Amino acid sequence: MSDETTGGTAAGDEPVLQAVHVTKHFAVRGGLPRRGATKKVVHAVEDVSLDLYAGRITALVGESGSGKSTLARLLAQLYPLTGGEIRLHGKPVQALRGKAFREHVRTVQLILQDPFSSFNPVASIAGTLRRAVALHHPGKSAKERAAVIDDLLTQINLVPPRQFTEKFPHELSGGQLQRLSIARALAADPEVFLADEPVSSLDVSIRLGILNLLRHLTEDRNAAMLYVTHDIASARYFAADTAVMYAGQVVEKGPSEAVTQQAAHPYTQLLIASAPDPSRAGADRVRDIGQPPSLIDPPSGCRFHPRCPFAMERCATDAPEPFEISPGHTARCWLYADDPEARAKRADNAEAVAGLTAPAS
Ligand SMILES: Nc1ncnc2c1ncn2[C@@H]1O[C@H](COP(=O)(O)OP(=O)(O)OP(=O)(O)O)[C@@H](O)[C@H]1O
């Protein structure tokens, strides 16, 4: 088995931002309190470890409700942790307010899915960016700030900048607004971008342009990026590393090419088989037998076992630790144990998924 908290995919590099055995439970509200009743909680994120590296994009992939946004918000320090640790440059951060929180927010910038609701409709583009620039560049004169705004708009390709500064959010398209939210994040000169489904609310035809912009910014600034998405095909295209989340846990992670072309966990295989690609062979051999579980009362053992066609007895009782599939590629799945029953099931699985690869984006 492998220790998830050490040995990142970028050998030799230190991670910029880390989730280390992070857990988040939300209290369930509502209902009349009953004497002796235990409080219900949503087990939204359970024992997740993830490392983000400078100059690298890590995709976080999974179905709706698997805990992706919660993990991004924990990395941004927007929620207190139930357990585990967030580390920035190796140091634990516990910054939920005050100066330390402001510094974390500057260093780690969230870019959200819906650019339409993230701007003040009565503030001009210049007004919106002026606020961000004033916050993060307090010593600059008005003239210097205007130059920073021009530079930000140029970086995100809203050019010539002066054609945009006096516009209002409703005068921009969805793609232009998402570029503007990227500019607002850039004003902080962050080391980490947490992009939560940055293109899923946008027209398919403009998604690639925004993803390419994010990729160039990450490379040019040597920033780390978490790319949250439902779309495993875009993870392969866009991210160096991919982590797959199911029911609050990371079930597989590693280099994107390995995770998407030699998927090891039956859940990742199911995600790939469900991705639309009529030309692909092998998809119909991977069966789905159910729905994601309730996170108020998640299944014992491996959380995927009630849906898994390859489940063994131990899967219902014992939670698997990550097994190493190849260097840097791990899967939390008992199929990779070294015993005769697991080997036989592994052979069945290999036969069922032969030829199954994520479609080209
Ligand atoms: N503030 C909250 N209070 C209570 N439960 C929450 C809260 N935020 C998220 N949850 C629950 O935690 C679980 C994980 O939600 P989360 O939004 O992180 O998933 P997700 O993978 O990002 O889904 P989506 O792709 O739909 O955004 C869900 O069951 C959700 O209902």
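The following legends describe several close-up views of a predicted model.

Residues are numbered from 1 along each chain as its sequence is written. Because the model is predicted, local features are reported only at pLDDT of at least 70 and side-chain atom pairs only at pLDDT 80 or more, whereas totals for chains, interfaces and linings use all residues.

**Figure 1. Overall view of the protein.** The secondary structure comprises ten helices and twelve strands; helices (H or I, at least four residues) and strands (E, at least two) are DSSP runs, numbered from the N terminus. Along the principal axes, the C-alpha atoms fill a box of roughly 70 × 60 × 45 Å. Of the 361 residues, 42% count as buried. A residue is termed buried if 20 or more other C-beta atoms lie within 10 Å of its own, exposed if 12 or fewer, and partly exposed in between, with C-beta atoms placed from the backbone. Among contacts between residues at least 6 apart in sequence, 67% join residues at least 24 apart; a contact requires C-beta atoms, placed from the backbone, within 7 Å.

**Figure 2. The shell around the ligand.** The residues around the ligand are F26, V42, A44, G62, S64, G65, S66, G67, K68, S69, T70 and L295, the criterion being a C-beta atom, placed from the backbone, within 6 Å of the molecule. Four residues of this shell are nonpolar, seven are polar and one is charged. In this division Ala, Val, Leu, Ile, Met, Phe, Trp, Tyr, Cys and Pro count as nonpolar, Asp, Glu, Lys and Arg as charged, and the others, Gly among them, as polar. Both β2 (41-52) and α1 (68-75) supply at least two residues of the shell. The largest share, three residues, comes from α1.

Figure 3. Four strands form an open sheet in the order β2-β1-β4-β5, with antiparallel pairing; two strands pair if DSSP finds at least two bridges between them. The edge strands, each of which pairs on one side only, are β2 and β5 (91-92). Strand β1 (residues 17-27) is joined to β2 by eight bridges, and the two run antiparallel. Within this view, F26 stands opposite V42 in β2. Helix α1 lies across β1, β2 and β4 (83-88) and runs at about 120° to β1. Axes are lines fitted to C-alpha atoms, for helices over the stretch in contact, and angles run from 0 to 180 degrees between N-to-C directions.

**Figure 4. The eight-stranded sheet.** Eight strands form an open sheet of mixed pairing, in the order β6-β7-β8-β3-β9-β10-β12-β11. Its edge strands are β6 (108-111) and β11 (323-326), each pairing on one side only. On average, neighbouring strands of this sheet are turned by 20° against each other, direction ignored. Helix α1 packs on the sheet and touches β3 (57-61), β6, β7 (192-196), β8 (224-229) and β9, its direction making about 155° with that of β8. Strands β11 and β12 run antiparallel and are joined by three bridges, and F323 stands opposite A331 in β12. Two bridges join β10 to strand β12 (residues 329-331), again antiparallel, and K253 stands opposite T330 in β12.

Figure 5. Strands β9 and β10 pair in the antiparallel sense over six bridges, with D241 opposite P255 in β10. Six of the seven residues of β10 are buried. The loop between β9 (241-246) and β10 (249-255) contains A247. In this hairpin, which has two residues between the strands, A247 takes a positive phi near 50°. A247 is buried, with 24 other C-beta atoms within 10 Å.

**Figure 6. The loop between α4 and α5.** Most residues other than glycine have a negative phi, and most peptide bonds are trans. The peptide bond from V159 to P160 is cis, with omega near -10°. P160 lies in the loop between α4 (142-155) and α5 (174-186). N157 also lies in the loop between α4 and α5, and its phi is near 70°, a positive value in a residue other than glycine. N157 is partly exposed, with 13 other C-beta atoms within 10 Å.

Key
Two residues are in contact if their C-beta atoms, placed from the backbone, lie within 7 Å.
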